[in-house]
Amino acid sequence: MNVIALSTDIAAARDKIMDNIRENHPVFIIPVDCKVFEYIPKLELKEKVQSRMRICKELKINVLLKKRGEKTGTPYQLLSELLKAIDEKEECEVIVCGDVNVSEKEAAEVRYQLCELIQQFLYINLQLSIVHVCTEKEAKDNEKIRVFEHSIEKHKAAVAESIAHVNGLEDDSKNHKTTILKRLHSIQGFIAETQNNELKIAVAATKKSGKSVIVNSMIENEIAPTSLELATPNNCIYTTCSDGEFHLKYKGKEYANKDAEAMRSRLNTIFKEAEKDHKNGLGIPDMELQYPSCKNGFSTYTIYDTPGPNLAAATAHKEAAKRGVDAADVIIFTIDYSKYLTDDEYNYLKEVWQMCQKKGKNYSLILNVNKLDLRYDDGSDKSVVRIVDFIRNKLIETGKTEGIDFRGCVVIGTSALTYFNALTAPTLKCPNDDGDCSCLYEDFSMDAMDDCIDAYDDSETAVSVDYEKRAMSTLQQLKGMIDNAKIWHKQKITSVQEMEEFSGMPNLLSYVEYISTQKARNEKVNNLIFKIDSEYKAIMNLFHIEELMQRLKENKELYEKAKKILMEFEAAVKAILDPEYNDLYGENYMAIYTKFQDKRSGYLRDLTQKRPISLFDVSKMYADNVSEQLGLDAVLKEVTEQRVETLLTRELHKVYGTDESVILKIDMVCDDYTRKLSQVCKNAVSEYVSARRKEFGKWLEKEQRAISATLSYIWEERLNKLRSIVTEYSDKLTTECAEQLNIEVPEFQIVFEQGICMNSAGISNLNVATINKMISEAMHESNRFYDGKTDGLIGFFRKMFGAEKKITLGNVLKIYQSKKIAIDLQAVYKKNGTLEQYLETSVCSPLKNAMSEFIKDMMGEIRMLDNNIQSATEQIKTSIDETEKYEQNIKDLEKEKRLMEELKLALQFFSNSWNEVMQG
């Protein structure tokens, strides 16, 4: 490639661009410390130059470039040098090094470097179908996957044969046969799962961001109706069918439709009904939409068009969106260019990011800046690279403050509407001589489009009014884009393909396919290979221990020595796998807390200084804290004793001025006072609860990240100790008994989920209207304020000031404290009960549940971590017990030995094929 380095001297850089822009389609590379979105505007280039310019930033890298036929590859440390060595027309492999046998944190940094590299490749339109990018570990895993998939039928046959042979053996007293069969069936299931090539792609976004158009572009059809008024109310799940028709599967029934229009009409009716269904949160059950295969390669995927979770009152939309994202292997998150990342978009993106992290989907989240056709409606520059780089950098910087690392996400800019319109315009039914707009395949010009539009104008009955409106809008939008390309970029678009390229969608679609085939599928298969290997190792550990015990049974003296060593081994393992976490007690955690900033949990700090803990102690402490701060007593005390009087004084000053000697009529001021007190209470409760809930949400995320990091660290340390223990006691057995302890410690990746975004806990913005209603009801129910002798506020006034008809503003302002209205207000709300229920169910419970679920999920992962080791140590204990039980019965010992030999022989069919994968 022709690579030209630019410097921080902007004038010189501009001259260099102008001198070389027409030469061999060069790549301009800016200094490593510069940002593309800041550098481009400084150049002050015309839009026509920017649109032709391929530009990216220099990167310090650690990669190998392997060209076709090469085995070792050539190392490169700078992106500019790598690009010079790449031939854009020749397939090659770029391997980002440094993630083999390192900590998860170091491996993550390598993945971030890979994503940064891909982002720069996309800026210069380097095709990932030609230049394959992976990390060093992925390259090794990919080879393992290749070997596995090459012989998958052999593995299936081998495990089936092993199961058949094990089934044919007699039962044993220790249930080894049952255990092995159970694990072999698990292996059989995992192998079958690797052959399920179905990958799910979800498109997620806030409402009206253009996600449905992206889905339409993938399926090359517009089936589900959407508009500004009509939002997607559920997950529309798209799959292909082979009969050429369109099918709807909904609520247990299937409806056949002759074409997309018939399907669209049916769905339009269903969607409009959902719009009115406030009882069910404006939502309807998910539906499957089957369509004829398309030509672009996406027919093999299941595609989810998810609803926007932020439509007012549409509670069901959020639940459906979460289901769709959770089910997907790849997620396209669409950001609306015209909004430039709103709070709703960012909060939802955080939630989706958290879900991907929780499931270990390292590359699954793809960010898409859509509606770039709208950039022609404002006065900003039109460079797509600059816009995309700006949003990516903004996300990375914003995420840093909240522990969200968006460096692992690639961002691609598109106008999905332009792409889909270009794709479908020639197929539009049209009342012209041809009966359609197929003339656009040959003549993609504004004049040809005008002819089609005129044909619609002149016709009365050829197509429906709705179809005509959509068709004319399609053609008019394409005319505008042809004009924009000519005016701004001096680019003449003369074909459907050129318009599709201009939209940016081919970049997104090819990258989605690249991630789906090269990353998501490999991650899925590699995870299943890991599960198969874990089951296989558990079986082999069973044989290792039994063989050891069988040999020791034959020598009483050695058995006694070995028994002592093995019992010590079991105790050492149990000490390491301590459920009370003594390795976090007292100074142990404070050493971690002091050394690592990302592992500083306030809850762990407070708990671990008192006693050894269970993780559920953390959940309980957090729940108690939430109740203490956001329960009814705490809220009422803060609001009525600290806030209401100040706010009430401010409101009365607005009405009567600040002169506290002014004389007021009691009846008039009483009415104002009551009304203002009610309003102030509403606002005070709403503002305080909303602010505190937000504080707790942030604290929740911070604590979860710190606890995750701490537990990941502790378990990494524990597994290192376990490996040392296995080695130590194996050496002891070898020295004292001439035997070995061949237990295998699984190579787990010790990374727990990095917290749960508070939005994912089902915590929505506080419903102010609901609180207002509760307070109004409470005030209405008790206008006497529990005084018992006076008649509401007027009674208070008359009691204080006798028969006087007038009162000073100063005296009015003293009433709140002098009559202890705060106490009466607290009694009113407690008696009413509605506010207490709302605070518990809508504010406290979601926060408590978020922490509880987080701890529960982590405990599940921990149980999975120590399962193999625990089963191995339990087996040692059982074997020792059984040996003592049977040591006088040589016949039983011989039978056990023979059964184990037969079981091992039966397993040999699978062992042989599996070892080829793991060793080869």
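Accessible areas come from the Shrake-Rupley method with a 1.4 Å probe, and for residues only the protein chains shown count as cover.

Before I continue, two remarks on the source. This is a predicted model, in which local features need pLDDT of at least 70 and side-chain atom pairs count only at pLDDT 80 or more, while totals for chains, interfaces and linings use all residues. Residues are numbered from 1 along each chain as its sequence is written, and side-chain values use heavy atoms, with hydrogens and water left out.

I begin with the overall picture. The protein has 30 helices and 18 strands; helices (H or I, at least four residues) and strands (E, at least two) are DSSP runs, numbered from the N terminus. Of its 920 residues, 52% count as buried. Buried means under 20% relative accessible area, exposed means over 50%, and partly exposed lies in between, with a 1.4 Å probe and protein chains only. A contact means heavy atoms within 4.5 Å. Among the contacts with a separation of 6 or more, 77% are between residues 24 or more positions apart.

Next, I turn to helix α9 and what follows. How many of the residues of α9 are buried? The count is 9 of 9, and the helix is mostly covered. Its buried residues include K211, V213, N216 and I219. After α9 comes E220, with a positive phi near 55°, although E220 is not a glycine. E220 is placed in the loop between α9 (211–219) and β9 (236–241) and counts as partly exposed, at 22% relative accessibility. A positive phi is also found at K371, near 65°, again in a residue other than glycine. K371 sits in the loop between β15 (365–370) and α13 (384–400) and is partly exposed, with a relative accessible area of 23%.

I now come to the charged pairs. Side chains of opposite charge can pair when their charged atoms come close. A salt bridge here is a side-chain nitrogen of Lys or Arg within 4 Å of a carboxyl oxygen of Asp or Glu. A search of the whole structure finds 33 salt bridges.

One of them joins E109 and R407, whose closest N and O atoms are 2.9 Å apart. This pair links distant parts of the chain: E109 is in helix α5 (residues 104–123), R407 is in the loop between α13 and β16 (410–413), and they are 298 residues apart. Both partners are partly exposed, E109 with a relative accessible area of 37% and R407 with 28%.

A further salt bridge joins the side chains of R470 and E222, at 3.6 Å from N to O. R470 lies in helix α16 (residues 465–489) and E222 in the loop between α9 and β9, so the pair ties together parts that are 248 residues apart in sequence. R470 is buried, with a relative accessible area of 18%, whereas E222 is partly exposed, at 25%. These two residues also belong to a network of salt bridges that links E222, E261, R264, D466 and R470.

Where do K537 and D533 lie, and how are they separated? They are 4 residues apart in helix α18 (residues 505–553), which means a separation of about one helical turn. An α-helix has 3.6 residues a turn, so residues three or four places apart point the same way. The side chains of K537 and D533 meet in a salt bridge of 3.5 Å, N to O, and both residues are buried.

Patches are made of residues with over 30% relative accessible area and no salt bridge; like charges are joined within 9 Å, and nonpolar side chains (Val, Leu, Ile, Met, Phe, Trp, Tyr) within 5 Å. Lys and Arg count as positive and Asp and Glu as negative, while His and the chain ends are not counted. The place of a charge is taken as NZ of Lys, CZ of Arg, CG of Asp or CD of Glu.

A patch of negative charge gathers E442, D443, D447, D451, D454, D457 and D458. E442 is in the loop between α14 (416–424) and α15 (446–458) and is exposed, with a relative accessible area of 74%. A positive patch is formed by R14, R22, K46, K48, R52, K486, K490 and K492. Of these, K486 is found in helix α16 and counts as exposed, at 57% relative accessibility.
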